[in-house]
Amino acid sequence: MVQKINSQQILTDAKNSAIERLEHDSIRVLICAGTGCVAGGSLEVAAAIQTATAGDMKTQVSFIEDGCEGIAVKTSGCHGFCAMGPLVRIEPLGLLYCKVTVEDVPEIVEKTIKKGETIERLAYRHPSTDEIYPVEHEIPFYKNQTRIGLMNCGIIDPEDLGEYLAHDGYQALAKVLGMNSQEVVDQIKAAGLRGRGGGGFSTGQKWQFALNEDREQKYVICNGDEGDPGAFMDRSIMEGDPHKVIEGLMIAGYATGANAGYLYVRAEYPLAVKRLRKAIKDAEEAGLLGENILGTDFSFKALIKEGAGAFVCGEETALMASIEGERGMPKPKPPFPAQKGLWGCPTTINNVETLANVPNIILKGVEWFRSLGTDKSPGTKTFAITGDVANTGLIEVPMGLTLREILFDIGGGIRNNKEFKAVQIGGPSGGCLTPEHLDMPLDFDSLAKVGAMIGSGGLVVMDNETCIVEVARFFMEFTQNESCGKCVLCREGTKRMLEILQRIVDGEGEMKDIDNLLDIAYAVKDGSLCGLGKTAPNPVLTTLKYFYDEYVAHIQDKKCPAGICEALKGYSINADKCKGCSKCARVCPVGAITGEIKKPYKLDQDKCIKCGACVSACPFNAVEVG
Amino acid sequence: MAVAISASQRKFERVNEIIQKHNGKKSALIAILQEIQEEYRYLPEEILTYVATAMDLSPATVFGVATFYAQFSLEPKGKYIIKVCDGTACHVRGSGPLYKSIRKKVGLQDGKFTTEDMNFTVETVSCLGACGLAPVVTINEKVYGQMTPEGIEIIIEKLMGKEDNQ
Amino acid sequence: MNQIIINNHSYELNGEENLLKIIRKAGIELPTFCYHSELSVYGACRMCLVEVEGQGIVAACSTAPRPGMKIKTHTGRLQHIRRMALELLLANHNRECTTCERSGSCKLQDLAERFGIRDIRFGHRDQMLPVDESSTSLVRDPNKCILCGDCVRMCREVQGIGVLDFANRGSNVVVTPAFNKPLAEVDCVNCGQCAAICPTGALVVKSERPDVWKALQDDTKTVIVQIAPAVRVAIGEEFGGKPGDIELGKLAAALRRLGFSKIFDTSFAADLTVMEETREFLDRLQNNDNLPQFTSCCPAWVKYAEQYQAELLDNLSSCKSPQQMFGSVAKEFYAKEMNIKPEDLIVVSLMPCSAKKFEARREEFAHAGVRDVDYVLTTQEIARMIKEAGIIFSELEIESLDMPFGFTTGAGVIFGATGGVAEAALRAAYELVTNKTLEDVNFKIVRGMEGIKEASVDLNGTTVKIAVVHGLGNVKALLKKIRNGEVQYDLVEVMACPGGCVGGAGQPFPNDTEARKERAKGIYRADRMLQLHKSQESPVINNFYKEHLEKLTHQELHQLLHTDYGNRRRIASGEITLTGNGVEELSVSVCVGTCCYLGGSYDLLQNLMQKVEADPSLAEKVKIQATFCFENCKGSPSLKIGDEIFSKMGVEDTEKILEMIRSRVGS
Ligand SMILES: Cc1cc2nc3c(=O)[nH]c(=O)nc-3n(C[C@H](O)[C@H](O)[C@H](O)COP(=O)(O)O)c2cc1C
Ligand code: SF4
Ligand code: SF4
Ligand code: SF4
Ligand code: SF4
Ligand code: SF4
Ligand code: SF4
Ligand code: SF4
Ligand code: SF4
Ligand code: FES
Ligand code: FES
Ligand code: FES
Ligand code: FES
């Protein structure tokens, strides 16, 4: 039977004994068990290290002067550096090994664990400078970050409540229980915390609305649907620090007067579900969830609801419909969830990252929080940087950093030293930013001004080999597939916009398509029922604004400048393969091919109508497409 | 060895257990369907009708829910379920060509997602949250990151080889 | 200050629950597809959008008015959205107005006209879905559906059934019965309320006009017609009249001109029903047997009961509905009297109802392949036939109906409104039990549009408790209460349509609560205008009993005027066939449930498929199916050959299995 933590004192004791237990382990080996690293085989690595360090290993450790007391081999959540995974972190040395395989394990044990030596081969090597960074926090990727939401990710074992307690876990809850609800709401308001789920709405304000409702039953919901393709911060937090999310949810519950909370997690995150389930169970067993928490009147129940694969269920009314067991179709607002939410009761809904910020604000104070980020957007924001960038991964930085700092200082620049073309921020509902925005600060308001939005913080980087029209088409396809199909403008409008975009990338566009596209886009933006439809035209509108020429190239010149669109790829004759037989020239209906017998022929792309006759005619496969 | 037992009407015992576990609550419909799909690998029509009756819902409503969420399948799937992530990160890193080459490799006809021999089901999914490893493919829950058309072909060949050896 | 400003004019708020109501009161006809006051707010069509100062664009149907709000209803942005919504809807619409059943009463057509949409830039519907004509009562054309969800909410919220729902998402969304099945194969009770509310031609009542025209033009047939009570108070609406106008006389004149040889009144049969049903009720009351007695004249309710309330079937009155009583009587006696073979006597009903089409086709109501009622036309259909024939309805002189079956009492007429059947029965029961004359025939307590009405009537010391319920959703709720013992009744009148038959799906558009109320008023006015108000006073009925019915044996009488009910399956289903075309003699199923999958059933399945396909003698006789769990998981992998389940069948057993298959198909 676990000891019930039913008072502030016992919580402090539990924290101290957890710290003691952690300190007992002179060496801690943390193997990342996030989805990415697991895919790379990190669990096998963990097992191998476990086996290798079992028995009397600690007597063989020579580099710790006053003798090694214990070796802990633990799995952690995602470090955000998934592209380098599987990652192994070794404390107290602070080393981070990348791309570790089972074969590397004996060497790690012999050299690092026993002797404290660094294995340079496994350390992070900067792709352009070739410099080696063995220590985690010195890697440029981490060095420029400020981690609040991600604070414990990769550092603690998410399945061990003790480790969370040792890192001030549930202290904020304890503190809050000594205040009244209004005081808590006031703190969050004063901190200026804004929702990290996309809208950037003031969290304190939202809590106030729910608190104002005089109703017996209220709910809080943690939105872990994270549908934005290309973002995975919520996944990392739920997997890497599940108790933090639960604590945040409980504080929201206490502040708004709710005694039950749902964690809605998307279907694609089974590991997050597993971790959260374990965390809830552990917290319940410890008495941190349930009746009369920490000896107060506050009771709280946390429940998990798994999504089933629908982006639109990230929208709050759809999410609630889904919790109620229905099709996830949004409902008109008003009434707002704060008035009439889950089963008609006042409901507060917050994003995972928003909630993960709450305990820190409570513990460290409003001043501290406001010292980070900008005036209107205080605090930090996590970004998932993916696509054509050197260091793909998950980062957390103060609000207001510029795109340049993020992409180049932390992200390590564009992959393979190609040219930066654009970054899509905020996923399918966001917009694209271009080189001209590199020095713009990333915060809620600056982004809104240029027609983009921070969204959940997905940054998909595109180099100059990406076709922007194709990307716009891709997003439209996404929204069309994910539209719930309820309201006319979104359902039919995205369908027709997709059709037009498809036509353009297929080389069948006409100039009037652009006007039609804009015509539909504005109606869909203004007239749709929910955020999905209202933002669906954003990618089209921003790309049309910044890359108008590229659209025109597709439509008028029938060219795809990035060379991506299949239908617009040009034909050419590979001079190395061409034997000069003239067969192609003879079949070409427009005389686009000329040359002299026995010498490589030439194809005039301007004349070519892409009929493909030459391709089939050439006996040497010398006519190439692309 | 085979023992013949007479085929009685299905009693939907497992389904009943699942429904009972959730107290037949309407709000648990999605969870119930998820568990049923885990049990049967898809959602057979009879079972959905049964679930509707047992939970006092209209079959059309249950059908509506089952067809709304991407996770649910109303048709049996192949032995290997290959999911190609087509989230943004994976898309810009080439998930499109990857998907095409997989379909070609397993010999899928246009408009079909499961091979005739019920061996492979190929589908796209939206972001798996492993974008750092884009493009990502999963085969029966195992995640493969940074995949290339060549790489996945080798994996599929291995799976096919396993088939032929039997 | 309780004012709201609409387009710069100020209006007084008066407790309107949404902006739409106050805007309409202000004389602005905001377009809507998905708002109906009797249904929940859906907010999908986006036609009702308005701009609210400081709040931006909101849907008027789902926004509550606040004093001081400043609203604009047709700014450039709003008109752009509305036009675009219409254009997008039309682009995805099978635009064939000239041949569409709803042309002329279609909201989409009307708005396209109002907005002058002349150019549709976004092409045509790319995928034509099959039109569902399986139902006897309705035709569902998904290619004309604008997904407003009105039918879905009507069937779920008002009728409590939920036959239709949305499926899929994005542009693949459709409104459909479960598993995309045809309507005839699911639990639809044919009430047609979905069609009554559908703004377009996506759901319409099935037409039998061509059949009736053909019969009328066939010299070998004698075509007679019966007119249901609710038709007379609605037919005028089709010719410029108001709901509730009684136009029986003109209708009779028109029908004669169309070529019907006799014009009769269903109300005559209703009088007969009252007599039979009241006697049955008094019998049951005396023996305390199968109470409460439910009325059975609404075929939608009967089908509903057969599907969902099997345990209540004995409580249904065994009486046929007036339509079917009329049919039996006509084919049994009238045909004989006129010396016509039953198959040459064509009985046509004019009904407010779509379910009556289903009822007329029920097996029980045919003898030797000859239906008692041959065709059922709705009010809308007959109006169309009159127009088709060029008859100018408004200029017709009124004519009377034919005797004897054209004679009716008021009791037979009030059947057309909710409460009417109960009231008619009370008028009879009171006199039959007490032997006293009922002075005030008006049992107003059972009239009106309230969903569930209750009354207690003293019959010679016995208090009889009556409930009147209309709208199947209300029925469902009431039945629950009855089952739980919360309430107790002796007689329950059930009508599937809100308002009763005056609101049937065959009535003219608009068929809303307002129109239904007016038609009901018309029904009671018709009652007042008649000389007799009690069925038992009808000389025709009394004569009919004397001359015919009293000569029949109990058995024969039952045959003629009564019927039985049976349990009905709600939905049909099947398995997935991988090989073969379904005509094979032996089916072999391999379980692909999780246990069997783990046990290697897929390998077995493939192996079998290959082997069977490769052997032509087997291929044509055997079909192979994949199926879900046989509930034989302990014995997985499981295999079913014919009716037998075999356990632990691995790939290695393939040969043995093939042997078994061969021995069973004898090849
Ligand atoms: C189509 C759509 C998808 C959304 N997806 C998410 C999501 O995946 N995660 C999330 O936290 N919020 C999402 N949101 C925003 C939520 O509706 C809601 O505003 C948010 O969860 C509120 O939390 P916050 O105030 O903490 O940001 C989405 C909104 C829309 C319109
Ligand atoms: S905007 Fe799109 S997703 Fe939102 S309710 Fe309308 S159709 Fe559904
Ligand atoms: S593709 Fe056709 S038009 Fe172009 S060069 Fe070849 S043959 Fe000539
Ligand atoms: S057919 Fe081929 S080899 Fe011959 S000239 Fe043309 S490109 Fe060269
Ligand atoms: S439904 Fe309306 S718009 Fe469509 S074809 Fe029929 S009448 Fe025309
Ligand atoms: S309205 Fe126009 S389209 Fe319709 S029938 Fe007349 S001419 Fe033809
Ligand atoms: S006819 Fe009645 S039961 Fe059938 S779908 Fe329409 S509303 Fe539902
Ligand atoms: S069938 Fe008619 S009522 Fe039903 S959704 Fe379609 S258009 Fe609306
Ligand atoms: S209430 Fe009348 S109109 Fe409606 S289904 Fe029943 S019989 Fe038909
Ligand atoms: S999963 Fe290991 S770093 Fe992200
Ligand atoms: S986009 Fe493929 S895993 Fe996120
Ligand atoms: S009537 Fe308001 S959205 Fe349809
Ligand atoms: S899974 Fe095959 S019998 Fe249950």
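Ligand 5 sits in chain C of this predicted model, where the surrounding residues are C:His93, C:Asn94, C:Glu96, C:Cys97, C:Cys100, C:Ser103, C:Cys106, C:Leu108, C:Gln109, C:Lys144, C:Thr200 and C:Gly201. Sorted by class, this shell comprises six polar, four nonpolar and two charged residues.

Ligand 3 has 13 residues around it, of which A:Cys588, A:Cys608, A:Cys611, A:Gly612 and A:Cys614 come nearest. By class, the shell of ligand 3 holds eleven nonpolar residues, one polar residue and one charged residue.

The confidence values come next. The model as a whole scores ipTM 0.90 and pTM 0.90. For chain C the mean pLDDT is 92, with 97% of the residues at 70 or more. Among the elements of chain C, strand E16 (residues 375–378) has the highest mean pLDDT, 98, whereas strand E20 (residues 576–577) has the lowest, 52.

Chain B is in contact with both chain A and chain C. Its secondary structure consists of seven helices and five strands, which follow the order β-α-α-α-α-β-α-α-β-β-β-α from the N terminus. Taken along the principal axes, the C-alpha atoms of chain B fill a box of roughly 50 × 45 × 25 Å.

One pairs C:Asp603 with B:Lys79, with the closest N and O atoms 2.8 Å apart. The interface of chain B and chain C also has nine residue pairs in polar contact, both residues of each pair being at pLDDT 80 or more. On the side of chain B that touches chain C, two or more residues come from each of strand E1 (4–6), helix H1 (13–21), helix H2 (29–40), helix H3 (45–55) and helix H4 (59–68) of chain B. Of these elements, H4(B) gives the most, with seven residues. This side of chain B has 22 nonpolar, 14 charged and eleven polar residues.

The other interface of chain B is with chain A. Here 47 residues of chain A are in contact with 31 residues of chain B. Together, chain A and chain B bury about 3,000 Å², of which 57% lies on carbon and sulfur atoms. In chain A, the residues that lose the most area to chain B are A:Ala308, A:Arg327 and A:Phe474, which together account for 19% of what that side buries. One salt bridge is found across the interface of chain A and chain B; the side chains of A:Glu326 and B:Lys26 meet in a salt bridge with an N to O distance of 3.1 Å. The polar contacts between chain A and chain B number 16 residue pairs, both residues of each pair being at pLDDT 80 or more. The elements of chain A that each supply at least two residues to the side touching chain B are helix H2 (35–39), strand E9 (301–306), helix H14 (316–323), strand E11 (380–387), strand E15 (458–463) and helix H19 (468–482). The largest share, six residues, comes from H19(A). The class division of this side of chain A is 23 nonpolar, 13 charged and eleven polar residues.

In chain C, a cis peptide bond joins C:Leu291 and C:Pro292, with omega at about -5°. C:Pro292 belongs to the loop between helix H9 (266–287) and strand E12 (293–294) of chain C. Another cis peptide bond joins C:Met403 and C:Pro404, where omega is about 5°; C:Pro404 lies in the loop between helix H13 (379–388) and helix H14 (410–413) of chain C. In chain A, A:Lys99 has a positive phi of about 45° although it is not a glycine. A:Lys99 is placed in the loop between strand E4 (95–97) and helix H5 (105–115) of chain A.

Notes. Residues numbered from 1 in each chain as written. Chains lettered and ligands numbered in written order. Heavy atoms only, no water. Contact = heavy atoms within 4.5 Å. Salt bridge = Lys/Arg side-chain N within 4 Å of Asp/Glu carboxyl O. Polar contact = N/O pair within 3.5 Å; in protein donor to acceptor, adjacent residues only side chain to side chain. Helix = DSSP H or I, 4+ residues; strand = E, 2+ residues; numbered from the N terminus. Nonpolar A, V, L, I, M, F, W, Y, C, P; charged D, E, K, R; others polar. pLDDT = per-residue confidence, 0-100. Near = heavy atom within 4 Å. Buried area = accessible area lost by both parts, 1.4 Å probe.
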